[in-house]
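I opened the model today and kept notes on what I looked up. The entries follow in the order I made them.

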Amino acid sequence: MDPFISIHSLTKSYTKGKSHITPLENLSLDVPRGEFLALMGPSGSGKTTLLNLIAGIDSPSRGELVIDGRDIANLSRAELTRWRATHVGYIFQLYHLVPILSAYENVELPLLLGNFTKAQRKEKIEAALELVDLADRAHHRPSELSGGQEQRVAIARAIVHDPGLLVADEPTGDLDREAADSILSLLDSLANDHGKTIVMVTHDPKAAAAAHRTLHLEKGQLIEAAEAQAH
Ligand SMILES: Nc1ncnc2c1ncn2[C@@H]1O[C@H](COP(=O)(O)OP(=O)(O)OP(=O)(O)O)[C@@H](O)[C@H]1O
């Protein structure tokens, strides 16, 4: 079976005046469908750059980037925005919930871009809140929730439109151990039981240990966890 994510010789460079920065150079990576992958690496090693390319937030300078059979490397900005709206859910370290909206209304946001009736939206929002175990907090605002609960709402918002791909940038970075563990087990279940492919950037070795596989980025190159330990 083809991998869900297939990356070949991917390069991203930035030019600012006379200086050139190449955070990713000739990077190749396959991720099977339903894998929960952790990306680690020192600050500035290109983790967020890679995550943003995989999520279709940014475009590569060169190389192949195929996600679920679609080559997204050469899409225009407008095409990429449309692709992202249906195929990707993004989970942030600081949740990025809208403070004046309830949990229900926050989860509804991605659906407002699609052609759903109010009843269809209700069904999807309730299913997503149920899945993250927050059905009883639907009408609470973010300020009335714990950090772990806020991240659960953010995960419900990331999955409500049923994307195949979830990208998570330090999803447990602001949580205590107990809340972090419960978020990690939720991500694990989204991969194992719901077939989501998850790419998570983390600095926390315990978070990485919860993933199926860990890769380390160093100077724009990927190395396996065992090799990284030997460095
Ligand atoms: N828009 C941009 N323009 C110029 N350089 C950039 C841009 N975005 C990132 N970079 C550079 O690319 C390199 C990789 O950055 P990136 O944010 O991917 O690292 P990271 O591994 O996620 O770091 P951290 O762990 O600190 O978040 C850095 O040297 C950064 O300064």
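At what angle do helix 5 and helix 6 pack, and how far apart are their axes? Before answering I noted that this is a predicted model, where local features need pLDDT of at least 70, side-chain atom pairs count only at pLDDT 80 or more, and totals for chains, interfaces and linings use all residues. Residues are numbered from 1 along each chain as its sequence is written.

**Entry 1: the helix pair.** I found helix 5 (residues 147-159) and helix 6 (residues 177-192) packed at about 20°, their axes 9 Å apart. Helices (H or I, at least four residues) and strands (E, at least two) are DSSP runs, numbered from the N terminus. Axes are lines fitted to C-alpha atoms, for helices over the stretch in contact, and angles run from 0 to 180 degrees between N-to-C directions. Helix 5 is therefore roughly parallel to helix 6 (angles under 35 degrees count as roughly parallel, over 145 as roughly antiparallel, 65 to 115 as roughly perpendicular and the rest as oblique). I listed the contact residues: G147, G148, Q151, I155 and I159 from helix 5, and A179, S182, I183, L186 and L190 from helix 6. Contact requires C-beta atoms, placed from the backbone, to lie within 7 Å. Ala, Val, Leu, Ile, Met, Phe, Trp, Tyr, Cys and Pro count as nonpolar, Asp, Glu, Lys and Arg as charged, and the others, Gly among them, as polar.

Entry 2: I looked up the strand order next: four strands form an open antiparallel sheet, 2-1-4-5. Strand 2 and strand 5 (70-71) are the edges, each pairing on one side only. Two strands pair if DSSP finds at least two bridges between them. Strand 1 and strand 2 run antiparallel and are joined by eight bridges. In strand 2, I21 stands opposite Y14. Helix 1 packs on the sheet and touches strand 1, strand 2 and strand 4 (62-67), and its direction makes about 120° with that of strand 1.

**Entry 3: the ligand.** Which residues surround the ligand? I read off Y14, K16, I21, P23, G41, S43, G44, S45, G46, K47, T48 and T49, where near means a C-beta atom, placed from the backbone, within 6 Å. Strand 1 (5-16), strand 2 (19-31) and helix 1 (47-54) each give two or more residues to this shell. Helix 1 gives the most, three residues. The shell holds three nonpolar, seven polar and two charged residues.

Notes
Contact = placed C-beta atoms within 7 Å.
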